[in-house]
Amino acid sequence: MFKRLLVGVLLLALVIPAFASLSPTSAQGEITLRWRTRPDNQAEADVYQAASDEIDAAWDGVTLKYEPGGSETASYQDVLITELTAGTAPDLFWIPGTDVARFAKLGLILNLADLAAADPTFSQDDFYPQIMQHVTYSLDGNPALWGLPRDVSAFVIFYNKDLFDEAGVPYPTETDPWDWDAFYNAAKAISDLGEEIKGFGINAWWANYGYFINAAGSSFFNEDFSACGLNNPGTVEGLTFARKLYQEGIAVPWGEDSEPPFLAGNVGMFFNGRWATPGVMTNAKFNWDVAELPVGPAGPSNWLFWGAYVINAKTQHPQEAWQLLMKLTSPDIQGKVAALGANIPSRAYSDQSAIDAFLATFDGKINNQAWLNGLSYGVAEAPLWKGDWPKIDVAYFNGVTKVLNGEMTPQEFADTICQEADLYFE
């Protein structure tokens, strides 16, 4: 009897540690939460680590482990999906706004509506309404909240003041009206300075060519985002203007990375978001500033870029993960991240302290207000709840590439693209 009891005790002693190792809660009741972002560089990763350490130090009963994402491409999302399927993903993580629908429809992220409703400190009015309409989309008719925006950005024109001076044209901020005609004239004058000099450059992805389409009065999607919206004269007008820049040799060739030649001082104007500012500040050895994008035929146009913190649907600690989400999107933490210069707080819409922190970045040496102005009329990048955005993105991109390379006319693109893209809408 004693031997059987002894054997039972020994077996129990072996089994308990095995099960304990599966739980993120220690014997002392300490909960461990893992969270992840996709920083652009080590300096940004250090800022998030410092924020994690600060929250951790003040939070009894919870230990945080911050994990910087290892890829700046779509493979970051693909790795997360693999981990989520395998049960090894973090409790909370950041994803681009365009991917929220994909993750939600796959059942990989938690619907936070109940947690938000039970939290008296939460108000969705604190965030940009253009974003909140997308993250509160319901899949089943019940209230939904799929995440909260970490940060936002708009496009601006980074411009080389020295090249503007050499070409004898006024800066964008001193040009009235700063429209497509003025933009073209400035780009042409700068390009005429020499064979290695280009007046303008953009990188090859949807937001850059999409600006020209939107500014001419068209749109990627119809009103409820359920079908292609490009089969109209605005698409033709926008792509005709963009194509002209390439046909006349004014722009860096489509498909080439425009940022290195801009940083080298050989490009007059370069479209990019707030995330590019620290790199320009560090590497540009010429006088530069930023300005709003030129006003198109349909009026001012821009994008409202955003990414969201979301919570793993399989987290064992949803309440604590929600608390972490609220802490990471607090004005205090967002202000500290914004101080690095790479991000605009998503609460800047409603919190003056966040706005002031952003405007003060880089000691006010550049026109930070240009980003806030762009956000005020920016079109929010949209997670497609009724379509397959990755496939639609490829279809749009391939067609636009043919247009800008002279293989297809803008009219031919507008006449055919929706027939192709609508195959990928529900």
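Student: Which hand does the crossing of α17 and α18 have, left or right?

Tutor: This is a predicted model, in which local features need pLDDT of at least 70 and side-chain atom pairs count only at pLDDT 80 or more, whereas totals for chains, interfaces and linings use all residues. Residues are numbered from 1 along each chain as its sequence is written, and side-chain values use heavy atoms, with hydrogens and water left out. Helices (H or I, at least four residues) and strands (E, at least two) are DSSP runs numbered from the N terminus. A crossing is left-handed if the near helix is turned anticlockwise from the far one by less than a right angle, and right-handed if clockwise; the crossing of α17 and α18 is right-handed.

Student: Are α17 and α18 roughly parallel or roughly antiparallel?

Tutor: Axes are lines fitted to C-alpha atoms, for helices over the stretch in contact, and angles run from 0 to 180 degrees between N-to-C directions. Angles under 35 degrees count as roughly parallel, over 145 as roughly antiparallel, 65 to 115 as roughly perpendicular and the rest as oblique. Helix α17 (residues 389–404) and helix α18 (residues 410–421) pack at an angle of about 165°, with their axes 10 Å apart. The relation of α17 to α18 is therefore roughly antiparallel.

Student: How many nonpolar residues does the contact of α17 with α18 have?

Tutor: Contact means heavy atoms within 4.5 Å, and here I392, A395, Y396, G399, V400 and V403 of α17 meet P410, F413, I417, E420 and A421 of α18. Ala, Val, Leu, Ile, Met, Phe, Trp, Tyr, Cys and Pro count as nonpolar, Asp, Glu, Lys and Arg as charged, and the others, Gly among them, as polar. Beside one polar and one charged residue, the nonpolar residues in this contact number nine.

Student: How do α2 and α14 lie to each other, roughly parallel or roughly antiparallel?

Tutor: Helix α2 (residues 42–57) packs against α14 at an angle of about 155°, with their axes 10 Å apart. The two helices, α2 and α14, are therefore roughly antiparallel.

Student: How many charged residues does the contact of α2 with α14 have?

Tutor: From α2 come V47, Y48, A51, E54 and I55, while α14 brings D332, I333, K336 and V337. Six of the residues in this contact are nonpolar and no residue is polar, while the charged ones number three.

Student: Which element gives the most to the lining of the largest cavity?

Tutor: On a 1 Å grid over the protein atoms alone, a cavity is a set of points where a 1.4 Å probe fits but cannot get out, and lining residues have an atom within 4 Å of a point. The largest cavity has a volume of about 60 Å³, a volume being the space filled by probe spheres set on the points, which are joined across faces, edges and corners. At least two lining residues each come from β4 (148–153), α14 (331–338) and β10 (344–345). With four residues, the element that gives the most is α14.

Student: Are α8 and α10 roughly parallel or roughly antiparallel?

Tutor: Helix α8 (residues 180–191) and helix α10 (residues 233–247) pack at an angle of about 15°, with their axes 11 Å apart. The relation of α8 to α10 is therefore roughly parallel.

Student: Is the peptide bond from D176 to P177 cis or trans?

Tutor: Most peptide bonds are trans. P177 lies in the loop between α7 (161–167) and α8. With omega near 5°, the peptide bond from D176 to P177 is cis.

Technical notes: On a 1 Å grid over the protein atoms alone, a cavity is a set of points where a 1.4 Å probe fits but cannot get out, and a pocket is an open set with protein on both sides within 12 Å along at least five of seven lines; lining residues have an atom within 4 Å of a point.
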